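Please open the model in your viewer and keep the sequence at hand, so that each selection can be followed as you read.

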Amino acid sequence: MVNFFEHQQQARRNTWLLVGLFVVAFALIIIFVTAVVAIAFGVVDASQQGDFTAEPGMLSWTAFFVGIGILLVMGMKWLQLRPGGHVVAESLGGVRLSPDTQDPVERRVQNVVEEMAIAANMPVPEVYILPNESAINAFAAGYQTRDAVIGLTRGSIETFTREELQAVVAHEFSHILNGDMRLNIRLISALAGILVVAHLGRMLLYSAHFGRGSRDRNNALPLLGIALIVIGSIGILFGNLIKSAVSRQREYLADAAAVQFTRHPDSLAGALKQIGARNHDNNDGSKVEHKNADQTAHLFFGQALSHWFSMMATHPPLEKRIKRIQPGWNGKFPEPRQAFSKSEEEQVASKPEPNALSRLAALALPALLLEQAHSPEQAPSLIKDLLFSYLEEGAETDLSAAQILALVEIAIPALRRASDSERTQLFRELDAMGAQHRLFPWCLYQLLARQLLPRNHFSKKLGDQEAADTTIAALEQAERGDTVDLDRLSKALTTCRNWSPKAKSKLVSQWLETVQQDDMISATEQKLVATLCACIEVPLPDEMLTS
């Protein structure tokens, strides 16, 4: 059996090494640009004997302004992408799906994304379709779960079976949970900073050619422009090499995580084989045609651009990815699958079969409540009714805690589309629930607020150890029926939310040890651990899924 945990650990170590190389390359570009600018403007003089003299103070200021200029461009690109993954999706021609869509093909996609969100114990992200892309591909974009989106090409939703679609969506969810989206945005910004060096060189060359001093033989601008173009081009080349290497490592990591999510390696392997089948058939199995695909190629599930140089490829070879998932694969790709007919789509959309991949189906949520959770007009009232009903009736409600949590996570896309006045009124009423010191409704409020309120709403933190101790104490106090300091717990969750996946995993293990001290997990403990995990954006532990 393939050891996927070992692959994850190896990929993560290699990724940090490659990020370090990117920092080194950035520093070398600053040094070379500083040297060229210094020579061009007389900061460094060369004698007839070949000796160089320089003014250290001027060199330092030159390096400072060069570095600031590159960082400024990187920051501007970062701010451009900061609003969230929808900026990336729309730049690729993506069309956002409505949560309450009745189109059978779109409904099938929305169902699968909701299933995997529940499996990952995270809010349902927005879904975008790239209607003009016939190739098979998908991507995840954004900074955090609150602004994450899942994108799928038309070719993928028309070609994949339901199980393959689940595996591909699980692959993209792993990018969200592993922090790959934030790394990808930073790589885009870093390359924009390097690219500005070449752009500046072209501007200087153009200015020198058409400006007043174009006939002046002592004009240093042409040589400076050429030098900057060369340095910038080399920087872009090596930046793309490093970006591609980083992306390849993250793809191995996401493949391994997707198999852990679905427990079904054949589905992910089947999706990759369909790309390979199309590559052999018409050579565009996963190629994205949009003009902005070059900037975002490393975000995709498959190789979005064709590269003759393998080191420029943003994804590992399909054969290697499949071999890691299916070591016994014979190396032969199947025939390309034809698009499903509409009747088949309607059948799959209307009658999804419960299986190991579909935890949403296993929850058996009432159809009427699901319909309300998908509606921007009805979702606010649904959430309010669910939580008020829980407060009035205690634990003896018709819905389990897992069902209530699932409905809250499913309703988030619809709540984003609700009117500002409805959202404001909802949070005002949910906030008032905190005065009753009921921890489960308060945790659900925290989950909603951290997804829908401005980022700076939760800014106060505790020390790391203090935060861990506070969350553990809250579990113990809730089980005994004692009052929990909710303000302190909110600060603790804000602290833990920014931890590394390894630190979060250790904290969840401590939560499990706390609730299992009496050799059983009570209903109260189960729902609290589930909501706390959702608040810090970690999947639900297997022990909780089977309890």
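The tour below goes from a sheet to a helix beside it and then to pairs of charged side chains.

Bear in mind throughout that this is a predicted model. Begin by selecting the four strands of the open sheet, which run in the order β3-β4-β6-β5 with mixed pairing; the edges are β3 (95-96) and β5 (138-141), each of which pairs on one side only. Next, show β3 together with β4 (residues 126-130), which pair in the antiparallel sense over two bridges, and look for arginine 96, whose bridge partner in β4 is tyrosine 128.

Within helix α6, select glutamate 172, which is buried yet has no salt bridge, the nearest side chain of opposite charge being that of arginine 321, 7.1 Å away. The residues that glutamate 172 touches include Phe139, Ile150 and Phe300.

With what does arginine 321 form a salt bridge? The partner is aspartate 255, the closest N and O atoms being 2.9 Å apart. Arginine 321 lies in helix α11 (residues 318-325) and aspartate 255 in helix α8 (residues 221-262), so the pair ties together parts that are 66 residues apart in sequence. Both arginine 321 and aspartate 255 are buried, and a network of salt bridges links Glu251, Asp255 and Arg321.

Finally, return to helix α6 and select arginine 162, which forms a salt bridge with glutamate 115, a residue of helix α4 (residues 104-120) that is 47 residues apart from arginine 162.

Notes
Residues numbered from 1 in each chain as written. Predicted model: local features only at pLDDT ≥ 70, side-chain atom pairs only at ≥ 80, totals over all residues. Heavy atoms only, no water. Pairing = 2+ DSSP bridges. Buried < 20%, exposed > 50% of the residue type's maximum accessible area, 1.4 Å probe, protein only. Lys, Arg positive; Asp, Glu negative; His and termini not counted. Salt bridge = Lys/Arg side-chain N within 4 Å of Asp/Glu carboxyl O. Contact = heavy atoms within 4.5 Å. Lists of a residue's contacts leave out its neighbours within four places in sequence.
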